[in-house]
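This briefing gathers side-chain contacts, ring pairs and surface features under a few topics. Please keep the sequence and the structure at hand while reading.

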Amino acid sequence: MTDPVPATNWRRSIYAVLIAVSAGMMLARVARVESSDPKSKTPFLSANDRSRWATIRALGDDGTYVLDNVIFDKKGNRVRGWHTIDLVRHRGSDGKEHYYSSKPTLLTTLLAGEYWLVKNITGATLGEQPGYVSRLMLALTNVLPMAAALFVLAQLVDCLGTTDWGRIFAVAAACFGTFLTTFSVTLNNHTIAAISLVAAIAVTVPIFADERREWWRFAAAGLSFGFLAANELPALSILVFAGIALAWKSPSRALLAFLPAVLVVAAAALFTNYIAHGDWRTPYAHRSEGDNWYDYPGSYWLPGAVRGVDVGEPSPLVYAFNCLIGHHGLFSLTPIWMLSVIGCCMWFTSHRRNVELTARNATEGVPYSAPLLLAATTALITAVILAFYLTRPQLDRNYGGGTCCLRWLIWLTPLWLLSMLPAVDWLSKSRFGRATAIGVLAVSVFSAAYAADNPWSHPWIFDYWQSMGWINY
């Protein structure tokens with residue numbers, strides 16, 4: 001008789017199958033992505049990604065951040081498929097008014113370098129072959145890094161979980177039950193930010209789990225957390241939190257490795273913004289009277305021009321309801337996150353789990369302090385980010401615009417996935433518990449798949465409520 005396959009190898013084989021299926025599905029969707037506008041010659045799905053693609057094309061082809069020649073033809077008409085509402089206009093270095101993307105410059109500058117490589121290797125350009133080039137870049141930028149991030153997450157899950165069923169459930173949720181994979185068909189900052197957070201967790205956890213103090217870990221953590229904050233400004237909160245925690249573990253390494261790496265990313269973000277706009281401040285900071293870069297003829301962002309959800313929810317209470325359990329609800333669309341809330345509480349209160357993980361310390365290097373720190377980070381940062389967005393003025397209470405979820409929370413997904421482990425491990429011990437977990441996963445998968453072709457569309461709850469006449473935006 002052959003020896004049975006060790007449990008660890010058996011689990012990891014299942015992880016590999018789940019990740020391969022998820023990556024294959026993402027790649028297939030990227031290969032067939034099409035604009036919702038039948039007259040468009042580009043496969044871009046929204047004004048948001050068109051703004052980034054236009055900058056990438058302008059930089060890669062003309063070496064400029066100015067979008068005039070990309071979004072307008074020689075007669076001054078808008079070019080369908082390239083024009084976007086995510087624009088600002090201000091005076092350039094030549095003393096004339098020009099149009100620029102309102103998006104942060106660091107990510108688009110890096111992707112312009114990727115485009116330059118693709119163009120020089122294949123000979124294809126975004127101007128002549130936008131479908132081929134953009135799909136290839138989406139595969140390189142979104143799908144491959146996401147598959148790698150899922151692999152790293154699976155290793156973290158395997159390390160922090162205590163049951164086979166719970167671990168496999170968490171990896172399945174990562175592969176199919178969140179909006180991370182939904183956004184793989186469009187160029188966006190949220191996917192990149194989440195991948196950055198996975199990298200940051202992967203290099204940071206060993207520092208606390210088994211006292212790994214290599215200098216490169218602190219530097220890699222600085223680059224990862226810094227790039228995360230460069231793509232999601234509210235992520236400055238977790239950057240500061242991580243800096244304090246790492247300084248507590250090793251002040252010298254935090255000062256001489258972590259901090260310089262963060263400053264490198266910050267300098268790159270500020271420098272590219274200055275090169276693009278001739279100003280250290282981002283376009284978002286130029287919205288005051290007398291200095292409003294969004295005030296130009298035809299601007300969508302002028303008072304009275306915005307429409308739909310972009311007008312903003314008048315009632316803060318209604319906004320909070322819809323963001324949590326309503327038509328864009330964090331828990332109504334993705335109820336697996338209720339397991340994350342329970343899991344965080346269990347990390348803080350479960351003595352039995354403390355004993356289990358402490359007992360494993362000698363062989364696997366997972367002392368209770370590491371998951372406890374993850375739970376504390378998840379609870380604190382989630383509360384800070386939710387408070388930030390739920391207390392915004394009316395114009396910003398827009399549910400993230402025309403999108404399938406609260407997209408500005410997507411980058412927190414890796415933390416939530418890891419935090420659910422105590423809850424799913426507990427549920428795995430009974431048939432009713434497993435059925436409950438599978439039920440909330442099914443709803444989450446449905447929500448993620450509902451917008452698989454175009455994440456820049458409304459959630460299924462929103463569409464249903466609107467068809468019933470319960471809401472009217």
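Predicted model: local features only at pLDDT ≥ 70, side-chain atom pairs only at ≥ 80, totals over all residues.

The structure holds 16 salt bridges, and it also holds 18 aromatic pairs.

**Salt bridges**

- Glu34 and Arg135 form a salt bridge in which the closest N and O atoms are 3.1 Å apart. Because Glu34 lies in the loop between helix 1 and helix 2 while Arg135 belongs to helix 5 (residues 130-160), the pair ties together parts that are 101 residues apart in sequence. Glu34 itself is exposed, with a relative accessible area of 51%.
- A salt bridge also joins the side chains of Lys103 and Asp86, at 3.6 Å from N to O. This pair links distant parts of the chain, with Lys103 in the loop between strand 2 (97-101) and helix 4 (105-122) and Asp86 in the loop between helix 3 and strand 1, 17 residues apart. Both Lys103 and Asp86 are buried.
- Asp279 forms a salt bridge with Arg281, where the closest N and O atoms are 3.6 Å apart. Asp279 counts as buried at 19% relative accessibility, which lies just inside the limit, because buried means under 20% relative accessible area. Arg281 is partly exposed, with a relative accessible area of 39%.

**Aromatic pairs and charges over rings**

- Among the 18 aromatic pairs, Phe44 and Trp82 form one that is edge-to-face, with 5.0 Å from centre to centre and 75° between the planes. The pair links distant parts of the chain, since Phe44 lies in the loop between helix 1 (7-31) and helix 2 (47-62) and Trp82 in the loop between helix 3 (68-71) and strand 1 (87-91), 38 residues apart.
- Phe44 counts as buried at 2% relative accessibility, and Trp82 is buried as well, with a relative accessible area of 5%.
- Tyr274 and Trp280 form a stacked pair, their centres 4.5 Å apart and their planes at 25°. Tyr274 is partly exposed, with a relative accessible area of 36%, whereas Trp280 is exposed, with a relative accessible area of 52%.
- Arg57 lies over the face of Trp82, at 4.7 Å from the ring centre, and in a separate place Arg287 lies over the face of Tyr294, at 4.1 Å from the ring centre.

**The ring cluster and Tyr399**

- Tyr319, Tyr399, Phe462 and Tyr473 are linked into a cluster by ring pairs.
- Within this cluster, Tyr399 is placed in the loop between helix 16 (369-390) and helix 17 (413-419), and at 1% relative accessibility Tyr399 counts as buried.
- The phi angle of Tyr399 is near 60°, a positive value in a residue other than glycine. Most residues other than glycine have a negative phi.

**Polar contacts of buried loop residues**

- Thr42 lies in the loop between helix 1 and helix 2 and is buried, with a relative accessible area of 4%. Its side chain makes a polar contact with the side chain of Ser40 at 3.1 Å, and the backbone oxygen of Gly81 lies 3.0 Å from a polar atom of the Thr42 side chain.
- Ser184 is found in the loop between helix 7 (179-182) and helix 8 (189-209), where it counts as buried at 1% relative accessibility. The side chain of Ser184 reaches the backbone oxygen of Thr181 at 2.7 Å.

**A nonpolar surface patch**

- Trp215, Leu255, Leu256, Leu259 and Leu263 form a nonpolar patch on the surface, with about 510 Å² of accessible area together. Helix 11 (residues 251-277) supplies the largest share of the patch, namely four residues, and Leu263 is one of the residues located in helix 11.
- Trp215 lies in helix 9 (residues 215-231) and is partly exposed, with a relative accessible area of 42%. The C-alpha atoms of Trp215 and Ala242 are separated by 15 Å, the two residues being 27 residues apart along the chain.

How values were computed: Residues numbered from 1 in each chain as written. Heavy atoms only, no water. Phe/Tyr/Trp six-rings, centres within 6.5 Å; stacked < 30°, edge-to-face > 60°. Helix = DSSP H or I, 4+ residues; strand = E, 2+ residues; numbered from the N terminus. Buried < 20%, exposed > 50% of the residue type's maximum accessible area, 1.4 Å probe, protein only. Lys NZ or Arg CZ within 6 Å of the ring centre and 35° of its normal. Patch = residues over 30% accessible without salt bridge, like charges linked within 9 Å, V, L, I, M, F, W, Y side chains within 5 Å. Areas by Shrake-Rupley, 256 points an atom, 1.4 Å probe, with all protein chains shown as cover. Salt bridge = Lys/Arg side-chain N within 4 Å of Asp/Glu carboxyl O. Polar contact = N/O pair within 3.5 Å; in protein donor to acceptor, adjacent residues only side chain to side chain.
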